[in-house]
Amino acid sequence: MERIQVANVRDLPEKIGKSMKIGNFDLALFKLSNGDIRAVENKCPHKGGMLSQGLVSGDYVFCPLHDWKICMKDGEAQAPDQGCVKTFKVEIQDKNVYVYV
Ligand code: FES
């Protein structure tokens, strides 16, 4: 697994997703209102909507296409919908954001 610097905490607006390509992965990066940073695959398990464009509420992002609710901690879609996106471990060091891919 590789640790890659992807952003600085100061440059991430709260609750606005940022899309980026890291290696073979399309990532959606989010700074939550509690300051936590989450990184998930930027592809909804339903029909591939870009989660980086979704609305954020707590630990969840709502897909912009059909409103599935995806938990950014474990990647699981909330019932009755079924599916899962890949989640990535995030580390913050000296305000730098690192993602493990
Ligand atoms: S593509 Fe995300 S809810 Fe349909």
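Lysine 15 sits in the loop between β1 and β2 of this predicted model. Its phi is positive, about 60°, although lysine 15 is not a glycine. Most residues other than glycine have a negative phi, and most peptide bonds are trans. Lysine 15 counts 14 other C-beta atoms within 10 Å, so the residue is partly exposed.

A glycine joins the list of positive phi values. Glycine 35 lies in the turn of the β3–β4 hairpin, with a phi of about 95°. That hairpin leaves 5 residues between its two strands.

The backbone also holds a cis peptide bond. It joins alanine 79 and proline 80, with omega at about 10°. Proline 80 is found in the loop between β7 (69–71) and β8.

**Chain overview**

The chain has 0 helices and 10 strands. Read along the sequence, the pattern is β-β-β-β-β-β-β-β-β-β. The C-alpha atoms fill a box of roughly 40 × 30 × 20 Å along the principal axes. How does the radius of gyration of the chain agree with that of a compact globule, and what is its value? A compact globule of 101 residues would have a radius near 13 Å; the chain has 13 Å, so the two agree. Buried residues make up 27% of the 101 residues. Take the contacts between residues at least 6 apart in sequence: 41% of them join residues at least 24 apart.

**The sheet of β1, β10 and β9**

Three strands form an open, antiparallel sheet in the order β1-β10-β9. β1 (3–8) and β9 (90–93) are the edge strands, and each pairs on one side only. From one strand to the next, the twist averages 30°. β1 and β10 (residues 96–100) run antiparallel and are joined by 5 bridges. Within this pairing, alanine 7 has valine 97 of β10 as its bridge partner.

β3 and β4 are the strands of the hairpin. Their pairing is antiparallel and spans 5 bridges. β4 also meets β8, again antiparallel, through 2 bridges. Alanine 39 has phenylalanine 88 as its bridge partner in β8.

| Strand pair | Sense | Bridges |
|---|---|---|
| β1 and β10 (residues 96–100) | antiparallel | 5 bridges |
| β3 (residues 25–31) and β4 | antiparallel | 5 bridges |
| β4 (residues 37–41) and β8 | antiparallel | 2 bridges |

Conventions
Residues are numbered from 1 along each chain as its sequence is written. This is a predicted model: local features need pLDDT of at least 70, side-chain atom pairs count only at pLDDT 80 or more; totals for chains, interfaces and linings use all residues. Two strands pair if DSSP finds at least two bridges between them. Helices (H or I, at least four residues) and strands (E, at least two) are DSSP runs, numbered from the N terminus. Axes are lines fitted to C-alpha atoms, for helices over the stretch in contact, and angles run from 0 to 180 degrees between N-to-C directions. A residue is buried if 20 or more other C-beta atoms lie within 10 Å of its own, exposed if 12 or fewer, and partly exposed in between; C-beta atoms are placed from the backbone. The radius of gyration is taken over C-alpha atoms; the globule rule is 2.2 Å times the number of residues to the power 0.38. Two residues are in contact if their C-beta atoms, placed from the backbone, lie within 7 Å.
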